[in-house]
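Here is a briefing on charged side-chain pairs. Please look through the structure before reading on.

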Amino acid sequence: MLTSLICAVLMATSSNILFTNGTVIPVTGPDIEDGHIYVENGRIMSVGPAADFAAPSNTQYQIVDLEGGMVMPGLICTHSHIGGWGGGDRSSPMQPETRILDAIDVQDPGFRRAVAGGLTTLNIMPGSGHLCSGQTVYVKLRNANTIDGRLIRLPDARIAGGLKMANGTNPQNGPPFPGTRGKSAALVRQRLIEAQEYANQIKRAGDDTDKIPPRDLALETLAEALDGTRVIHHHTHRHDDIMTVLRLAEEFNFRLVLHHVSDGWKVAEEIAEADVPCSIIVIDSPGGKQEAIDIDFKTGKVLTEAGVSIAYHTDDWITDSRYFLRSPALGIRAGLDRETALRSVTINAAEMLDLGDRIGSLEVGKDADLVWLSGDPFSNFTKIRGTWVEGDRVFDIKESEDLLFAQGGWGAGNAERPYMCCEEHVHGGGQ
């Protein structure tokens with residue numbers, strides 16, 4: 001029997017892992033009851049029924065007994081502020097040259113809360129108080145002491161990330177910030193025109209270094225957005241603000257993900273026609289900003305039925321990352337189908353970050369980012385029991401320090417352990 005092998009095989013100090021005795025949720029295919037996943041060196045090597053697993057010869061591996069629970073791809077948040085949201089300052093409304101990478105506190109306890117919620121990949125954003133507040137960064141929640149250890153690198157070694165933009169009331173303020181929606185759009189349009197000309201000057205110069213314009217970090221970044229190298233992640237709530245963003249995207253032909261879209265259900269057909277994906281926020285309590293007054297759980301269902309690819313996001317702290325799965329669950333309550341709900345926090349989100357070939361589903365060759373759940377992902381009674389990033393376990397509910405961040409309590413919000421606090425009185429045993 002497989003269970004008889006567990007004690008012996010666990011003695012091995014191998015990075016190879018077999019997950020078994022549970023239901024596998026690949027996301028891109030049907031659930032596999034009594035399934036298995038086999039991982040070698042951080043990559044998925046085999047997925048399927050447990051009976052189909054062929055143990056590799058002369059290879060030691062650990063066995064993770066799922067104890068009748070479920071395992072699914074690591075969750076992906078397309079819009080997070082964990083570690084700090086400070087991008088641009090108050091000197092101007094358009095600051096694409098700033099990088100949230102340079103402002104992230106990698107030891108922020110929010111990262112511990114995130115893995116306790118099953119998150120393995122984040123799009124960390126600067127705030128939305130600017131028309132353009134800077135460059136986002138895509139990170140894996142690996143165990144690392146510096147942000148460099150969590151960066152996702154592209155095949156050409158560039159740091160993966162997008163560009164954060166916003167409209168509506170957030171960027172409106174006194175000069176030099178715009179005071180109206182019309183002025184907001186005009187300022188964005190003007191800077192994009194300047195970026196077009198900057199890129200054209202460089203192209204026309206060719207190899208003639210005397211004709212190449214001085215390097216401009218702001219225009220260089222906007223030019224990356226215009227040539228499709230960098231995706232624009234756009235904060236927008238009201239239906240008319242959504243349409244303004246779509247209008248600009250058509251005019252300048254930039255790649256776009258709409259974020260929040262509180263009124264998305266009002267203009268679903270227009271979003272679908274523009275072929276633009278949406279990252280949705282849902283909240284289950286009243287309050288917030290006036291422009292989000294018509295936010296509705298049905299947004300995911302309405303957009304999906306119109307043909308729009310959707311994801312959900314935390315906007316952490318708006319939604320605590322530990323409770324991320326409640327967002328698609330609220331979508332299900334309003335009629336969203338289960339398959340789309342699963343995709344919304346995995347493969348759809350990965351594709352919005354241009355990472356669909358690496359993460360977001362349990363398929364051979366992809367990164368071994370996994371979440372072990374005690375039960376159904378959308379049940380309030382389900383617990384996250386373990387989280388793995390590239391085959392390394394980053395959260396274990398049976399570990400007392402991890403349990404503290406999962407449950408909260410004294411010390412869970414601090415980067416350091418509580419001083420002069422008896423740990424055994426802060427939290428109890430595992431679940």
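The points below cover salt bridges and their surroundings.

This is a predicted model. The structure holds 29 salt bridges.

**D320 and R113**
- The side chains of D320 and R113 form a salt bridge, with an N to O distance of 3.2 Å.
- This pair links distant parts of the chain, 207 residues apart.
- D320 sits in the loop between β14 (310-312) and α8 (326-333), while R113 belongs to helix α2 (residues 110-116).
- D320 is buried, because its relative accessible area of 9% falls under the 20% cut-off.
- R113 is buried too, at 6% relative accessibility.

**R142 and E390**
- R142 pairs with E390 in a salt bridge whose closest N and O atoms are 2.9 Å apart.
- R142 lies in the loop between β9 (137-140) and β10 (163-166), and E390 in the loop between β16 (384-389) and β17 (392-396), so the bridge ties together parts 248 residues apart in sequence.
- R142 counts as buried at 18% relative accessibility, whereas E390 counts as partly exposed at 23%.

**E305 and K301**
- E305 and K301 form a salt bridge, their closest N and O atoms 3.2 Å apart.
- Both residues lie in helix α7 (residues 299-306), four residues apart, or about one turn of the helix.
- E305 is exposed, because its relative accessibility of 59% is over the 50% cut-off.
- K301 is partly exposed, with a relative accessible area of 26%.

Note on methods:
Residues are numbered from 1 along each chain as its sequence is written. This is a predicted model: local features need pLDDT of at least 70, side-chain atom pairs count only at pLDDT 80 or more; totals for chains, interfaces and linings use all residues. Side-chain values use heavy atoms; hydrogens and water are left out. A salt bridge is a side-chain nitrogen of Lys or Arg within 4 Å of a carboxyl oxygen of Asp or Glu. Helices (H or I, at least four residues) and strands (E, at least two) are DSSP runs, numbered from the N terminus. Buried means under 20% relative accessible area, exposed over 50%, partly exposed in between (1.4 Å probe, protein chains only).
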